[in-house]
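Biologist: I am new to this structure and would like to learn how to read its features. Please take them one at a time.

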Amino acid sequence: MGDTATAGTRSRLFSGRDRAVIAAASLSMLLVQMDWFALNLMLPVIARDFDTPTTDLQWLVSGYMLTLGALMITGGRAADVHGRRRIIVIGLSGFAVLSIVCSAAQNEVWLVVGRVVQGATAALIFPVAVAVVTAYFRDDRQGRAVATVLAFSAIGTALGPFVGGAFAEYVSWRAVFLLNVPFCAVAACLMLRYVGETRDEKAGHSLDIKGACAVAGGLAALMLAVDQGSQWGWGAPATLLCLIGGAVLLVVFVVMEQRTAEPLLDLSLLRNGPFVTVTLAGSLSNVVYCLVAVLSALYLQQARGLPPLESGLVFLSLSAGAGAASYWSGRLAQHWRPESLMAAGMLLSGLSLLGLTWVTSLALYAAVFALVGVGLGLGWALTNVATQSYVPASRLAAASGLVLTSLVLFGAVAVAVASTVLEAVSGSASRAASDGPAIEGVLRVAAALALVGAAALAAVARKYAPGRVAP
């Protein structure tokens, strides 16, 4: 009788409209996560279709992350000013249109450009989906509603590799992009039908578009120089122009941020030592995550010769481990310090990743892969939580924005650099993606980065007491 009453209480917790709002936000998060993880498994297939080296397609990953990271805060601020429902529906509509554009690509340049622009539309979805739910639920149901949305994000993480592998092998990589369209349509319809418009009436109306363009342009120019330097020549005018132009744009970005009333990033937080250390350590964890996701997809398919679907099944262990760790990280942080959990996660991921580079059995590979995922999931999921205790309450939002931007942009740069290093180590762009020892060497460097991050976090945890705001 008691179980029946409990079940009845749970069923009445959310009305039909409430569940529709949660479904709209959940589908939006699932869509973005599933799309990113599905793409990694499709890179070798796309490369064969376009007859281009797989490492040259790293821009499909890094370019997307670059625009997402540069515009994420601007997208969130635009939602606060112009309406959260309006902005996320625009983002979903744009994501659907760009998915169709990507599916119709006739060459790698078309696909890369489409993917880069699609990252800008994702910046209108990713930071706004949770905000829609928190604005709608203003009572004690908010926590459970947000947890449901994040759970679907974890499901998208787990489903992505399987979906990408299955479609790439049995249907077409183009169909994976088209799969986004019905998800976008359903989420947008639910938003328009059931979600009321909400705004932050206290939010400033200034959108730092110039700052976002400056940082994105500067990083893109530097990444292009790193990516093409070996082909153009490191002393060639084009390479030097990209390096100098990128550096100038980043300096301009810093100057603009210091003079803008509502900057994209609060750079004064960079004077906060422990905050910077934790942010960089978390960014390292995300760097390792991005490298593992991209390079392991190449390794499994092109070095070990697994078909896309089988590679996707192996990849499920990584994404499921990361998704589970991300989902449970909030509860774990209620019992242990986030910095300590992050350090443990990065230690686990570093050691597991080192072991992964020597594993030959596919079954053992999948098991160790899951441990890598758990460690990396803890490392990057708790970065935002861990940094909050080192800044005053009045600067929590600014700190969160800087952390999220750092996580994504460092990951984008790392993928571009790793592709160039892999080509240099293997000696050829055409065989880099199938050079197992070269890929394992780059992953060992990534494992070392994780161990460095774990050591830095352990030092911060020892030096600062729990909850202490750093000066």
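Biologist: Which residues make the nonpolar surface patch?

Modeller: First, the basis: this is a predicted model, in which local features need pLDDT of at least 70 and side-chain atom pairs count only at pLDDT 80 or more, while totals for chains, interfaces and linings use all residues. Residues are numbered from 1 along each chain as its sequence is written, and side-chain values use heavy atoms, with hydrogens and water left out. A patch is made of residues with over 30% relative accessible area and no salt bridge; like charges are joined within 9 Å, and nonpolar side chains (Val, Leu, Ile, Met, Phe, Trp, Tyr) within 5 Å. Accessible areas come from the Shrake-Rupley method with a 1.4 Å probe, and for residues only the protein chains shown count as cover. Here Leu240, Leu243, Ile244, Val248 and Val252 form a patch of about 390 Å².

Biologist: Where is leucine 243 found, and how is its accessibility read?

Modeller: Buried means under 20% relative accessible area, exposed over 50%, and partly exposed in between (1.4 Å probe, protein chains only). Helices (H or I, at least four residues) and strands (E, at least two) are DSSP runs, numbered from the N terminus. Leucine 243 belongs to helix α10, and its relative accessible area of 32% makes it partly exposed. By contrast, valine 176 in helix α8 (residues 173-194) is buried, because its relative accessibility is 4%.

Biologist: What is a salt bridge, and how many does a search of the whole structure find?

Modeller: A salt bridge is a side-chain nitrogen of Lys or Arg within 4 Å of a carboxyl oxygen of Asp or Glu. The search finds 5. One of them joins the side chains of aspartate 18 and arginine 141 at 2.7 Å, N to O. Aspartate 18 is in helix α2 and arginine 141 is in the loop between α6 (126-136) and α7 (142-170), so this pair ties together parts 123 residues apart in sequence. Both aspartate 18 and arginine 141 are buried.

Biologist: Which side chain does arginine 115 meet in a salt bridge?

Modeller: That of aspartate 35, at 2.7 Å, N to O. Arginine 115 sits in helix α5 (residues 108-122) and aspartate 35 in helix α2, 80 residues apart. Arginine 115 and aspartate 35 are both buried. Aspartate 80 and arginine 84 also meet in a salt bridge, at 3.1 Å, N to O. There, aspartate 80 is partly exposed at 22%, whereas arginine 84 counts as buried at 11%.

Biologist: How much space lies in the second largest pocket?

Modeller: On a 1 Å grid over the protein atoms alone, a cavity is a set of points where a 1.4 Å probe fits but cannot get out; a pocket is an open set with protein on both sides within 12 Å along at least five of seven lines, and lining residues have an atom within 4 Å of a point. Grid points are joined across faces, edges and corners, and a volume is the space filled by probe spheres set on the points. The second largest pocket holds about 470 Å³. Of its 18 lining residues, Leu265, Leu402, Ser406, Leu409 and Phe410 are the closest to its centre. Helix α16 gives the most to this lining, with 6 residues.
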